[in-house]
Amino acid sequence: MAGIGIRLNKIFGKGTITTNLIGFGYSTMFTIAPMFLVIGAVALMQALLGYSRVGYAERELYSCTVLYIFIFALLAAAPFNSVLSKYLSDVIYNETYEDIRPCFFLGLWLNMLLAALAGIPFCVRWYLAGGSDLSYVFAGYCGYISLVLVFYSMLYLSICKDYKKISIFYLLGMTLTVLLSLFFVYVLGMEVTFSMLLALDGGFLLIASLELALVKSYFRVNSGRYREVLAYFRKYPQLVAANFLYTLGLFIHNFVFWNTDMRIEVAGSFVCMTSYDMASCLAMFTNISASVIFISRVEMRYHERYKAYSEAVIGGRGIDIQNAKKRMFRQLSDELMNLARIQFIISCAIFFVCIVLLPRLGIGGQVMRIYPCLAAGYFILFLMYAAIIFLYYFNDLKGAVLTAASFCGITFLGSLFSSQLSAPWYGLGLVAGAFTGFCAAYHRLRVMERTLDIHVFCQGSIIKAGHGRKLSNLVYGGPTPKMETKLEKKRGR
């Protein structure tokens, strides 16, 4: 269950350009490789199956189906991820590994129940109003449920830092997807878009099955403590709110533009704005390396300072605790600044490459007019996410909720405003929301730096809390008249 930090330390420790490139490639392979594998598989299927010769309506329906599957699978998993991650971290810290299986199965049941119930009304509307075949609708629903299961199982393998096996499972699943699509089209003679969707279902199901089998092989004992898992949802509702609002904020600007006059309606149920969605995708890819850089640097550097501070709190002197605290926050500040510097250079380079090459590949017009503002927004967004992770380190759940809520709310309101502007300013809502969220998170970190001693040493109570009548605060008030009467009677005897 060791993280990737040890391996990265060995690679980056040599300090050469070659080893730095190898380290960046290694961290990329085991962090964001699954996303690129899915995109590569979809693009390869389109190239091999003659997707460009398919009718416009069928292509738009397939594109919207895949888009909705990914977005709403992420939203369905969002309320559970943070709480279950917290529970798993505590279980691993306490070394009570037999409590992981109850967490896995109860969380799986809750997540799948929510996802299934939320997806049924949409699919019913899709079938009745859209006129699509029932088999196509059912394939879309199965893809959505399979992807929810994939995202849920990934949580447990990510906690175990088993990024390598996650990438291998995605590679196997996407390989099966491409092979199945070829079999369906060229052997069974099925329609292209339906074959691609059905093949994706098979690939996602294989990934989910492999992840499920690996989790069950890691944790074989079941303690049966299901109530403790539910208690965490009551104890940490802030985690549910923070993660859901952050995930919702990632897509809420798209939802706003899906309801403008520029939207495209497909099959009576799907709405999208192709130019804005494509620009959002490009902007995200422009800044996606920030995730790799942050994960690598936190695994390599900051975690050691955080561990040193925790050890000083447990058994160190006062001066040791203060010195460890100063070093930890100095490292935190350095990590945020270095992330901003490095990512700015990478984002600028990718931005100029996109500006030059994409129009030659047929991606231009309104997409490229919307893209620059969104690229700036996603740049700030990834910095905000890094700050939220640091808030989780200090258990500042209120700060995480404040950050996510301000990000989501301002992005929604800003997108409503920017949708009335010209195309180059469509992404202004995301920029405003991400900047507001980052300012909120940074402010909470500064507050935490000033009050960390109170947060660490003044939490909890000496006497166990309970229910009942509150005792009097009076310790001694002298003898009462009734007591004096009793004393006089005793003396008289």
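Helices here are DSSP runs of H or I with at least four residues, strands are E runs of at least two, and both are numbered from the N terminus. This is a predicted model, where local features need pLDDT of at least 70, side-chain atom pairs count only at pLDDT 80 or more, and totals for chains, interfaces and linings use all residues. Residues are numbered from 1 along each chain as its sequence is written, and side-chain values use heavy atoms, with hydrogens and water left out.

**View 1. A pair within helix H16.** Glu449 and Arg446 form a salt bridge (a side-chain nitrogen of Lys or Arg within 4 Å of a carboxyl oxygen of Asp or Glu), with 3.7 Å between their closest N and O atoms. The two sit three residues apart in helix H16 (residues 428-457), so about one helical turn separates them. Arg446 has a relative accessible area of 40%, which makes it partly exposed; the scale runs from buried (under 20%) through partly exposed to exposed (over 50%), using a 1.4 Å probe and protein chains only. Glu449 is partly exposed too, at 32%.

View 2. Glu98 belongs to the loop between helix H4 (56-94) and helix H5 (100-130), and Arg225 to the one between helix H8 (192-218) and helix H9 (226-235), so the pair ties together parts 127 residues apart in sequence. A search of the whole structure turns up seven salt bridges.

**View 3. Ile370 in helix H14.** Ile370 is found in helix H14 (residues 366-393) and is buried, with 0% relative accessible area. Setting aside neighbours within four places in sequence, its contacts (heavy atoms within 4.5 Å) are Ser275, Tyr276, Ala279, Ala423 and Tyr426. The C-alpha atoms of Ile370 and Trp425 are 6.9 Å apart, although 55 residues separate them along the chain.

**View 4. Ser280 in helix H11.** Ser280 lies in helix H11 (residues 274-287) and counts as buried at 5% relative accessibility. Leaving out residues up to four places away in sequence, Ser280 touches His253, Asn254, Leu374 and Tyr378.
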